[in-house]
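Open the structure and keep the sequence beside it. Work through each exercise before reading its solution.

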Amino acid sequence: MSWGTELWDQFDNLEKHTQWGIDILEKYIKFVKERTEIELSYAKQLRNLSKKYQPKKNSKEEEEYRYTACKAFLSTLNEMNDYAGQHEVISENMTSQITVELTRYVQDLKQERKSHFHEGRKAQQHIETCWKQLESSKRRFERDCKEADRAQQYFEKMDADINVTKADVEKARQQAQTRHQMAEDSKADYSLILQKFNQEQREYYYTHIPTIFQKIQEMEERRIVRVGESMKTYAEVDRQVIPIIGKCLDEIVKAAKSIDQKNDSQLVIEAYKSGFEPPGDIEFEDYTQPMKRTVSDNSLSNSRGEGKPELKFGGKSKGKLWPFIKKNKGAAPEDFSNLPPEQRRKKLQQKVDELNKDIQKEMDQRDAITKMKDVYLKNPQMGDPASLDHKLTEVSQNIEKLRLEAQKFEAWLAEVEGRLPARSDQARRQSGMYDTQSPATVNNCAQDRESPDGSYTEEQSQESEVKVLATDFDDEFDDEEPLPAIGTCKALYTFEGQNEGTISVVEGETLYVIEEDKGDGWTRIRRSEDEEGYVPTSYVEVYLDKNAKGGGAAARTVTL
């Protein structure tokens, strides 16, 4: 099967076919190029997607990634980033192994095709020239033969005419001989050119054209083979990254399997555990007997005699211990006293760890400056040692500040860790201890007390404010009958109740007690039917009614 023998007369069609083959190759190159662009775009979009959902540094999102489900999601994001890298590898390999190579090959192929068809056209032109020479020789031979025939006929006519002179007859005979000779010469020339043309034609159709067409056929077959090889490379480039992509997917599956719901549940407990005990049951209060009120536990505090944990370290515990009190929206205190005990301990521990890291960093910097100063002392040409004194002093001051700060937070932490064990309200409020303390002691001990919102406040003097928030509980029962008085009290000190839920009192003023201290350090009093609120228990001397207590009039001064 050879184009040279089978398609000897299809020069133009072969030219069109080979051009079509190059067009197909260029189309395939364009296809691969667009595929590489898609791979790059896809990889870029995957990377952007992975980056978009990465947790931001020093943000709340970063804390969320301690949960196993979030860790698995973060692992998925990282694996998707590697997954995107494999698509970039596909693009790079296809570009280098297919697009670049085929583009270079197409240029060579065009040059080779141009050379072959140029050679074919040259052979065509040569045979056409030989054909034209043959035609010209043939026409000349034909013309000379006709001229010789006419000259012979003219001679015969003159020779038969008796009226023509002998000289004319001789002239006609010579003319006829000349024409016959010219015809013989043309015949010989025509015969020679014809033999030459036949030889050229045989070489053209049996040697030149088959050779040229064979080269074109081989060129076209190489092109087809190259397309096939490129398609194999196209598949292999994809196949090479499959194991790595498979590893990425395996890692995602591994991360998914590492999710531990029990561990995440425990983390939730550690993150939000307040350390408080749930409130006790609310007992029935009988209002059928005037001026008699059963002192019992309610939702605002635990029983004083049940030995339940002391209700301190308020903040987030307000929803449990003071469910009706509005939350304080002010800035959080430095010692995190607005948080429940467990959360406060974690925050303080975290702060201590951060300060220790900062101290270590400053100490490393101080050591580095000290070493540099020693180098300068040994080699003065390298620098002035005195130029480092200011920096060394500054670093030392920073270390001292950080240490003082760390000591402050460590003290708070030690205080919290000392308070975490459960202590009963009874032990905290033994009156024998309180009665022996002086008014000055009252002021000092008024520090670190709990306000109705469950948070700690520090009272620096008799004039300091105790931050208390209003309760929705009071608003809910505004329209109901007010609570009966269970006794009276006398203000030992002046108290400015500037927060909602508190009431201001003046030293020496007498007021009604409508709810005694439940262990939170606050007593509920009333001045008139429309004016009531909480005051610190340590600021008043309480006289409970004998009917409410079941005995004689008992007067007691509570100082904390």
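The exercises below go from the whole chain to single residues, and the model is a predicted one.

**Exercise 1. The whole chain**

Task: Describe the chain by its helices and strands, its buried residues, its contacts and its surface.

Solution: 
- Step 1. Start with the elements. The chain holds 14 helices and eight strands.
- Step 2. Turn to burial. Of the 560 residues, 37% are buried.
- Step 3. Residues 24 or more positions apart account for 71% of them.
- Step 4. Finish with the surface. The accessible surface is about 33600 Å². Carbon and sulfur atoms hold 51% of that surface.

**Exercise 2. Helix α8**

Task: Compare the span of helix α8 with the expected span, then find residues that are buried in α8.

Solution: 
- Step 1. Locate the helix. α8 covers residues 341–378, which is 38 residues.
- Step 2. Compare the spans. From first C-alpha to last, α8 reaches 55 Å, close to the 56 Å expected at 1.5 Å a residue.
- Step 3. Recall the geometry. An α-helix has 3.6 residues a turn, so residues three or four places apart point the same way.
- Step 4. Find the buried residues. Among them are Leu348, Val352, Leu355, Ile359 and Glu362. Ile369 and Tyr376 are also buried.
- Step 5. Go to Pro341, which lies in α8. Its relative accessibility is 5%, so Pro341 counts as buried.
- Step 6. Find a residue across from Pro341. Phe276 is 65 residues away along the chain, yet the two C-alpha atoms are separated by 7.7 Å.

**Exercise 3. Aromatic pairs**

Task: Classify the pair Phe31 and Tyr234, then the pair Phe495 and Tyr539.

Solution: 
- Step 1. Count the pairs. The whole structure has 13 aromatic pairs.
- Step 2. Take Phe31 and Tyr234. Their ring centres are 5.6 Å apart and their planes stand at 40 degrees, so this pair is tilted.
- Step 3. Phe31 is in helix α2 (residues 11–52) and Tyr234 is in helix α5 (residues 166–257), so the pair ties together parts that are 203 residues apart in sequence.
- Step 4. Check accessibility. Phe31 has 41% and counts as partly exposed. Tyr234 has 18% and counts as buried, because the cut-off is under 20%.
- Step 5. Take Phe495 and Tyr539. Their ring centres are 5.7 Å apart and their planes stand at 75 degrees, so this pair is edge-to-face.
- Step 6. Phe495 sits in the loop between β3 and β4, and Tyr539 in the loop between β6 and β7, so the pair ties together parts that are 44 residues apart in sequence.
- Step 7. Check burial again. Phe495 and Tyr539 are both buried.
- Step 8. Widen the view. Phe495 and Tyr539 belong to one aromatic cluster with Tyr493 and Trp522.

**Exercise 4. Strands side by side**

Solution: 
- Step 1. Begin with β5 (residues 522–528).
- Step 2. Check the turn. β5 and β6 form a hairpin, with two residues between them.
- Step 3. Find one partner. Trp522 has Pro536 in β6 as its bridge partner.
- Step 4. Move to β3. Gly487 has Val513 in β4 as its bridge partner.
- Step 5. Sort the faces of β3. Gly487, Cys489 and Ala491 make up the covered face, while Thr488 and Lys490 make up the uncovered one.

Technical notes:
Residues are numbered from 1 along each chain as its sequence is written. This is a predicted model: local features need pLDDT of at least 70, side-chain atom pairs count only at pLDDT 80 or more; totals for chains, interfaces and linings use all residues. Side-chain values use heavy atoms; hydrogens and water are left out. Helices (H or I, at least four residues) and strands (E, at least two) are DSSP runs, numbered from the N terminus. Buried means under 20% relative accessible area, exposed over 50%, partly exposed in between (1.4 Å probe, protein chains only). Contact means heavy atoms within 4.5 Å. Accessible areas come from the Shrake-Rupley method with a 1.4 Å probe; for residues, only the protein chains shown count as cover. The expected span of a helix is 1.5 Å times one less than its number of residues. Rings of Phe, Tyr and Trp (its six-membered ring) pair if their centres lie within 6.5 Å; planes under 30 degrees apart count as stacked, over 60 as edge-to-face and the rest as tilted. Two strands pair if DSSP finds at least two bridges between them.
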